[in-house]
Amino acid sequence: MEKEERPFKVHVLVVPYPLQGHLNPMLQFSKRLVSKGVKATLPNTIAINKSMHADPNSPVDIETISDGFDEGGFAQAESTEIYLSRLQEVGSKTLADLINRLKDLGRPVTAVIYDGFMPWALDVAKQFGLTGVTFFNQSCSVNNIYYHVQRGLLRLPLSEPTVSLPGLPLLHASETPSFVSDSVSYPGFHHLVMNQFCNIDEADWVLFNSFYKLEEEIVVWMAKRWRLRTIGPTLPSMYLDKRIEDDKDYGISTFKPDETNCIKWLQDKPSASVVYVAFGSVARLGAEQMEELAWGLKASNYYFLWVVRAAEQAKLPKNFKEDTSDKSLVVIWSPQLEVLANESTGCFVTHCGFNSVLEALSFGVPMVAMPQWTDQPTNAKYVEDVWKMGIRAMADEKGVVRRQVIEHCLRQVMEGEKGKEIKENAIKWKNLAKEAISEGGNSDTNIDEFVAKLTGS
């Protein structure tokens, strides 16, 4: 059955980079726009569309564009560089085709809101005379670092042991994103994140999935350069302000969560007794790190719920699941929002992807940070030293976090005196996140202003 067509003043295309962690916040922002009278269409790549589990009742229309690899997406490409080149070439053409097709169907597009990873979408928008809006899925602080590199204000390779930039705490080189601290190892991705700023000065708006009080200093600094607004955290409404009815999930997933088992297993566990462990949809732990994490979790003697994707299961120690079954549940994918919202969850061992950090922060769940790459080292620095709602599990000279360190960090967060302070700060940030998106909150006001400009009201 087709969705009922609502009257609308403006129609926006919201174009995410084809990764789960980029899809979720942009889809959620689209729902916010729909709730405020804007028609929103989200074009996925054909490859992502084939593999995803989508909510058929979503208020957001789903269309497709091509990245040039329709059978397998990124995994089909010979290299990162080849994938990004084809994504720009074929994506630009098929996005333009979609805009023309929607116009012919009587649904003309007013604005293109595009992932910062795809600045070429702004060129397409301007070709049609449309409003062009950059949407950043990573923090203002991380993107401030990328901006300084792209503009030649921070030169690579880093020549000093520390980095000092406006609005940021003093960072050790290892606390900058991996594409900065070790740029030669990631040439394709290095270009991807720096290129976000190649035409940003031509964008009509710059939106960040963050909120003002979370990154106040840097937001003020960046807002002097662009029409910048924070519109986060982009979590389903039922966990924040409850103004979008039945909005309990993002609505798109490239993995199918083991929902029933996870929630049933959590139900009879004491309050704040469970350690939740998840490293997102992309990060891959080495076999040695996997083993150290496994034995660290076992030694802590806490209940733990561990998400180990299918491709990673072989790295688990032999018979580990069976030997720890009285204390643990190991699943291929979890309904993370429901797990973090559950009162049994007392701690989140996380890679510190920004979505996961925002989710933990919005639910007031303390974190043990085990960053792997990209923006995660910087996010982990903020979790421990700026927001003070977690602790970093430090790696040794081989880059491995040892089992003793993991056990010690878990005990500090779950039981120790430091844990008490961390839990108090976690609750503080939970309240500030809800306040930001509530009616009259800073993020919600920013969304209202953005919609008013689009609609001319």
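Which residues in α16 meet which residues in α17? Glu435, Ala436 and Ile437 in α16 meet Asn442, Ser443, Asp444 and Ile447 in α17, where contact means heavy atoms within 4.5 Å. The structure is a predicted model, in which local features need pLDDT of at least 70 and side-chain atom pairs count only at pLDDT 80 or more, while totals for chains, interfaces and linings use all residues. Residues are numbered from 1 along each chain as its sequence is written, and side-chain values use heavy atoms, with hydrogens and water left out.

**Helix pairs**

- Two packed helices are described by the angle between their axes and the distance between the axes.
- Helices (H or I, at least four residues) and strands (E, at least two) are DSSP runs, numbered from the N terminus. Axes are lines fitted to C-alpha atoms, for helices over the stretch in contact, and angles run from 0 to 180 degrees between N-to-C directions.
- Helix α16 (residues 417–437) and helix α17 (residues 442–455) have axes that come within 4 Å and cross at roughly 20°. The two helices α16 and α17 are therefore roughly parallel to each other, a term for angles under 35 degrees.
- The contact of α16 with α17 has three nonpolar, two polar and two charged residues. Ala, Val, Leu, Ile, Met, Phe, Trp, Tyr, Cys and Pro count as nonpolar, Asp, Glu, Lys and Arg as charged, and the others, Gly among them, as polar.
- For helix α3 (residues 80–104) and helix α4 (residues 120–127), the axes come within 10 Å and cross at roughly 30°. That angle makes α3 roughly parallel to α4.
- The crossing of α3 and α4 is right-handed, meaning that the near helix is turned clockwise from the far one by less than a right angle.
- From α3, Leu87, Gln88, Gly91, Ser92, Leu95, Ala96 and Ile99 meet Trp120, Ala121, Val124 and Gln127 of α4. By class, the residues of this contact are seven nonpolar, four polar and no charged.

**Cavities and pocket**

- On a 1 Å grid over the protein atoms alone, a cavity is a set of points where a 1.4 Å probe fits but cannot get out, and a pocket is an open set with protein on both sides within 12 Å along at least five of seven lines; lining residues have an atom within 4 Å of a point.
- There are three cavities of 30 Å³ or more, and the largest cavity has a volume of about 50 Å³. A volume is the space filled by probe spheres set on the grid points, which are joined across faces, edges and corners.
- The largest cavity is lined by Asn24, Pro25, Asn209, Thr234, Leu235, Tyr250, Asn355, Leu358 and Glu359. The elements giving two or more residues to this lining are α1 (20–35) and α13 (354–363), and α13 gives the most, with three residues.
- The lining of the largest cavity comprises four nonpolar, four polar and one charged residue.
- The second largest pocket has a volume of about 680 Å³. Among its 25 lining residues, Ser174, Pro371, Gln372, Pro377 and Ala395 are the closest to its centre.
- The lining of the second largest pocket divides into 10 nonpolar, eight polar and seven charged residues.

**Backbone features in loops**

- Leu156 and Pro157 are joined by a cis peptide bond, with omega about -5°. Pro157 is in the loop between α5 (140–150) and β7 (162–163).
- A cis peptide bond also joins Gly232 and Pro233, with omega about 0°. Pro233 lies in the loop between β10 (228–230) and β11 (252–253).
- Asn301, a residue other than glycine, has a positive phi near 65°. Asn301 is placed in the loop between α10 (287–300) and β13 (303–307).

Methods:
Parallel < 35°, antiparallel > 145°, perpendicular 65-115°, else oblique.
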